[in-house]
Amino acid sequence: MRDVLYLEQIEQAEVLLKPHRVEVLRQLAEPRTCTEVAARLDQTPQRVYYHVKQLVAAGLVELVNERKVRGITEGIYQAAARSYWLSPRLVGRIGLRRARDELSLGYLLDLMEEVQADVAALDRTAPELPSVGVSGEIRVPAELRPQFLHDLQTALQDLFTRYGGSEGDAFKLAVACYPKGKDHE
């Protein structure tokens, strides 16, 4: 089972975004038969099997084993991933893309979309994925915002200059700075 499955096809999203199928998918975090899932969801095995077939066809669930039960072959299924990411490209951009202003919310959203696609494309079978994630909160008085942004750009430019040679492994660095909204519970 993969950690993340990045969905870029509208057909996959359509299969996934049905409440009953999400429940079936949750039950398949561990390998189970349709009969076992049906018992957990208080559904008929036939109904669960219908949804499992749709999830398998979309690549969201995999047949991991089979067993014989009273002369009938019963499939054992498991979710293909622990998490599913929907590509923002599934919805598409509405209206014209504005000029890429580094201080705009649109630019930040484009950057996050790019980071999401890059992370999803990483080879998770690699023995080592050197990466780091840093998150924090900084409080800056309004009168110091221009200086803060200047200092941040200067610090990043220093890193780009110091490590921007043509040798070694390539890393992508993306920094997002935005006003913090209300806390989400």
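Biologist: In which hand does H3 pass H4?
Modeller: In this predicted model, the crossing of H3 with H4 is right-handed.

Biologist: At roughly what angle do the axes of H3 and H4 cross, and within what distance do they come?
Modeller: The axis of helix H3 (residues 34-41) crosses that of helix H4 (residues 45-57) at roughly 115 degrees, and the two come within 8 Å. H3 is therefore roughly perpendicular to H4.

Biologist: Which residues meet there?
Modeller: H3 contributes Cys 34, Thr 35, Val 37 and Ala 38, which meet Pro 45, Val 48, Tyr 49 and Val 52 of H4. Of the residues in this contact of H3 with H4, seven are nonpolar, one is polar and none is charged.

Biologist: Turning to the strands, what is the order in the open sheet of three strands?
Modeller: The order is E2-E4-E3, and the pairing is antiparallel. Strand E2 (32-33) and strand E3 (61-69) are the edge strands, each pairing on one side only.

Biologist: How many bridges join E2 and E4?
Modeller: E2 pairs with strand E4 (residues 72-79) over two bridges, in the antiparallel sense. Arg 32 has Tyr 77 in E4 as its bridge partner.

Biologist: On another topic, how many aromatic pairs does the structure hold?
Modeller: It holds one aromatic pair. The ring centres of Tyr 6 and Trp 85 are 6.5 Å apart and the ring planes stand at 85 degrees, so this pair is edge-to-face.

Biologist: Which strands do Tyr 6 and Trp 85 lie in?
Modeller: Tyr 6 belongs to strand E1 (residues 2-7) and Trp 85 to strand E5 (residues 81-86), so the pair ties together parts 79 residues apart in sequence.

Terms used: Residues are numbered from 1 along each chain as its sequence is written. This is a predicted model: local features need pLDDT of at least 70, side-chain atom pairs count only at pLDDT 80 or more; totals for chains, interfaces and linings use all residues. Side-chain values use heavy atoms; hydrogens and water are left out. Axes are lines fitted to C-alpha atoms, for helices over the stretch in contact, and angles run from 0 to 180 degrees between N-to-C directions. Helices (H or I, at least four residues) and strands (E, at least two) are DSSP runs, numbered from the N terminus. Angles under 35 degrees count as roughly parallel, over 145 as roughly antiparallel, 65 to 115 as roughly perpendicular and the rest as oblique. A crossing is left-handed if the near helix is turned anticlockwise from the far one by less than a right angle, and right-handed if clockwise. Contact means heavy atoms within 4.5 Å. Ala, Val, Leu, Ile, Met, Phe, Trp, Tyr, Cys and Pro count as nonpolar, Asp, Glu, Lys and Arg as charged, and the others, Gly among them, as polar. Two strands pair if DSSP finds at least two bridges between them. Rings of Phe, Tyr and Trp (its six-membered ring) pair if their centres lie within 6.5 Å; planes under 30 degrees apart count as stacked, over 60 as edge-to-face and the rest as tilted.
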